[in-house]
Amino acid sequence: MGPLAGVRILELVGIGPGPFAGMMLADMGAEVIAIDRPGTSPLDMKGDINRRGKRSIALDLKSEEDRKIFLALAGTADALFEGFRPGVMEKLGLGPDEVLKANPRIVYGRMTGWGQTGPLAHTAGHDINYIALSGALHAMGPKDGPPTAPLNLVGDYGGGGMMLAFGLVCGILEARTSGKGQAIDVSMVEGSSALMSIFHTLMANYRWAPARGINLLDGGAHFYGTFETKDGKYASLGAIEPQFMQVFVERAGLDESWMQKHLNPGEWPALKEELTALFKTKTLDEWTDLLGGTDACYAPILPFWEAHEHPHNVARESFIEVDGTRQPAPTPKFSRTAPEVRHGPITKDADREALLKELGL
């Protein structure tokens, strides 16, 4: 099942965004074979959701015998991907040139923070550094405080893992037409920069001020932000368009003069102070009863461990339980080739015997 059924992809297991990309591909039906390192690692986690639906074989790529197994697997695969520093795979004799000799149609994905080239290519870094260099981090946070890191979602997972999965599928489609594989260079700096495209457009149209916390979508506008409620919880409001703000104004019992000030940035700070006080007059449940299910562009802010309980997420089966662990369901949804989680997180080296038998080794 799944739109990628019949596709085989090798994942050289690393941290975070690589396994996440592999999970996305496995959820969509691809046969993802995790190439694990032998032994244990401090980064190993019990029940790692990113390992769901995959197969596993542990290989020591410094071993001549295991390199032969790896190349044999690569000869049967549509794609592989790795997330090591530039040059690591070449030192092992398993860079794109060597692997493409074994399989001229394979797509070779390479994901790093800085990219394969450039003066920073060989230096260490993490998500926060990559989104700092792309300009994404500077735009996030309060106007009177430092930039706020958005977990590691923008660089690692949005600009890295998702871009890698997208690039691999693009490369596989192209290879089926041309009969030729190629290497793909995924940089988290460039991936997170691509996510900022709309803000470059706004800046070019003089609709974005070069400062933080005073703009339309960065918390500067009263109608697009988060507010504490009477019970110490938080609500979100995103009533950008006047027709949606009109719904909020009417439901919240505000004066019609709010609509005259709605899109006037000079009025935003004062209106935001008023809304901050207003939201503290009701509990989160009271605001949800008042605004939920309307066009006021409102939603309660839920802890991620409670999101599965919301009626909308329940109705859409947005969360599933696998091996006793609740987790996000595969996404997006398909009308005909429905993706599914075939099994829970695979244990290291669980498929060695089966894979070697398939290879005739």
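A residue is taken as buried under 20% relative accessible area, as exposed over 50%, and as partly exposed in between. On this scale K348, whose relative accessible area is 29%, is partly exposed because that value falls in between. The description that follows concerns a predicted model.

The structure holds 13 salt bridges, and K348 takes part in one of them, its side chain meeting that of D44 at 3.4 Å from N to O. This pair links distant parts of the chain, since K348 lies in the loop between β11 and α14 while D44 lies in the loop between β2 and β3, the two being 304 residues apart. D44, with a relative accessible area of 43%, is likewise partly exposed.

A further salt bridge is formed between R51 and D36, with the closest N and O atoms 2.9 Å apart. Because R51 is placed in the loop between β2 (31-36) and β3 (55-58) whereas D36 belongs to strand β2, the pair ties together parts that are 15 residues apart in sequence. Both R51 and D36 are buried.

In the salt bridge between R110 and E82, the closest N and O atoms are 2.7 Å apart. Here, too, distant parts of the chain are linked, R110 being in strand β5 and E82 in strand β4 (residues 79-82), 28 residues apart. R110 and E82 are both buried. Salt bridges that share partners also join R8, E31, R55, D351 and E358 into one network.

Q116 itself is found in the loop between β5 (107-112) and α5 (127-134). Its relative accessible area of 16% is under the 20% limit, and Q116 is therefore counted as buried.

On the surface, a patch of negative charge is made up of E228, D231, D285, E286 and D289. Helix α12 (residues 284-291) gives the most to this patch, contributing three residues. E286 lies in that helix, α12, and at 40% relative accessibility E286 counts as partly exposed.

C297, although not a glycine, has a positive phi, with a value near 60 degrees. This residue, C297, is placed in the loop between α12 and β9 (298-300), and at 31% relative accessibility C297 counts as partly exposed.

A positive phi is also found at D349, which is not a glycine and for which the angle is about 70 degrees. With a relative accessible area of 26%, D349 is partly exposed.

The remaining backbone feature is a cis peptide bond, which joins T331 and P332 and has an omega of about 5 degrees. P332 is located in the loop between β11 (325-328) and α14 (352-359).

Key: Residues numbered from 1 in each chain as written. Predicted model: local features only at pLDDT ≥ 70, side-chain atom pairs only at ≥ 80, totals over all residues. Heavy atoms only, no water. Patch = residues over 30% accessible without salt bridge, like charges linked within 9 Å, V, L, I, M, F, W, Y side chains within 5 Å. Areas by Shrake-Rupley, 256 points an atom, 1.4 Å probe, with all protein chains shown as cover. Salt bridge = Lys/Arg side-chain N within 4 Å of Asp/Glu carboxyl O. Lys, Arg positive; Asp, Glu negative; His and termini not counted. Charge placed at Lys NZ, Arg CZ, Asp CG, Glu CD. Helix = DSSP H or I, 4+ residues; strand = E, 2+ residues; numbered from the N terminus. Buried < 20%, exposed > 50% of the residue type's maximum accessible area, 1.4 Å probe, protein only.
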